Amino acid sequence: MEESCSSTITLKGYTHAISNYRPVSLVSCVSKVLERVVHKHMYNYILDNELLYKYQSGFLTCHSTIFQLVELYDNVCQNLESRKHTCLVFCDISKAFYGIWNSGLLHKFKSFGFNGIFHSCLGSYLNNRKQVLLLNNTVANEGFLNVGVPQGSVLGPLLFLLYIYDIADDLESLARLFADNTSLSYSSTSTIDIETKINHDL
């Protein structure tokens, strides 16, 4: 989330604020090749079994923000013709990739059918990753990361999509996703009804 240093000035983009930095994974070439092999098979399995939320467009082939904007615009126009009000709320998950609860992600893997040795390999890939900080040619002590998917990796985006696939469950408005960005939309002739539904979902 954006941190404020006064009522009018924020720290976002400030180079001396630690909260504006995030770890990037430096992955070896061999690991990247292996990740691409795993990604290909996981991606095909996920698409064949329709495991992703149907209104997710992030990190998927043949999808883009244009696709969602056109669909959203068309939806609003149809509601206007029907004399309905439409409310849109746009949300963004702050620092989404490295806030993922790995134990929860591994639990979801089982519900997708990723069991046995493959499940163990994914657990090994996610857990006990090391990080170091290099500042002015000085290297800090190693630390362990047991949350989040590796930034800059091949598998990271796909694992993130699997983690949030159920984010729209039990929502009364329509949620459209583009990676970690979510738009909620609800239309009705009653503004009170819209307010109730949107507040419920938020």
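**Exercise 1.** In this predicted model, find the residue in strand E7 that is the bridge partner of Leu174, then work out how the sheet around that pair is built.

*Solution.* 
Step 1. Start at Leu174: its bridge partner in E7 is Ser185.
Step 2. Now widen the view to the two strands. E7 covers residues 181-188, and its pairing with E6 is antiparallel, with five bridges.
Step 3. The open sheet has three strands, ordered E1-E7-E6, and its pairing is antiparallel.
Step 4. Look at the edges: E1 (85-92) and E6 (174-178) each pair on one side only. From one strand to the next, the twist averages 20 degrees.

**Exercise 2.** Which strands does helix H2 touch, and which does helix H6 touch?

*Solution.* 
Step 1. Take H2, residues 65-81: this helix packs on the sheet and touches E1, E6 and E7. The direction of H2 makes about 160 degrees with that of E6.
Step 2. Take H6, residues 191-201: this helix also packs on the sheet, where it touches E1 and E7. Its direction makes about 155 degrees with that of E7.

**Exercise 3.** Is Ser153 buried or exposed, and what does its side chain reach?

*Solution.* 
Step 1. Locate Ser153 in the loop between strand E5 (143-145) and helix H5 (156-163).
Step 2. Its relative accessible area is 10%. Buried means under 20%, so Ser153 counts as buried.
Step 3. Follow the side chain: it reaches the backbone oxygen of Pro150 at 2.8 Å. The Ser153 side chain also makes a polar contact with the side chain of Tyr125, at 3.4 Å.
Step 4. Finally, set aside neighbours within four places in sequence: Ser153 is then in contact with Glu35 and Tyr125.

Terms used
Residues are numbered from 1 along each chain as its sequence is written. This is a predicted model: local features need pLDDT of at least 70, side-chain atom pairs count only at pLDDT 80 or more; totals for chains, interfaces and linings use all residues. Side-chain values use heavy atoms; hydrogens and water are left out. Two strands pair if DSSP finds at least two bridges between them. Helices (H or I, at least four residues) and strands (E, at least two) are DSSP runs, numbered from the N terminus. Axes are lines fitted to C-alpha atoms, for helices over the stretch in contact, and angles run from 0 to 180 degrees between N-to-C directions. Contact means heavy atoms within 4.5 Å. Buried means under 20% relative accessible area, exposed over 50%, partly exposed in between (1.4 Å probe, protein chains only). A polar contact is a pair of N or O atoms within 3.5 Å; within protein, one must be able to donate a hydrogen and the other to accept it, and residues adjacent in sequence count only if both atoms are side-chain atoms.
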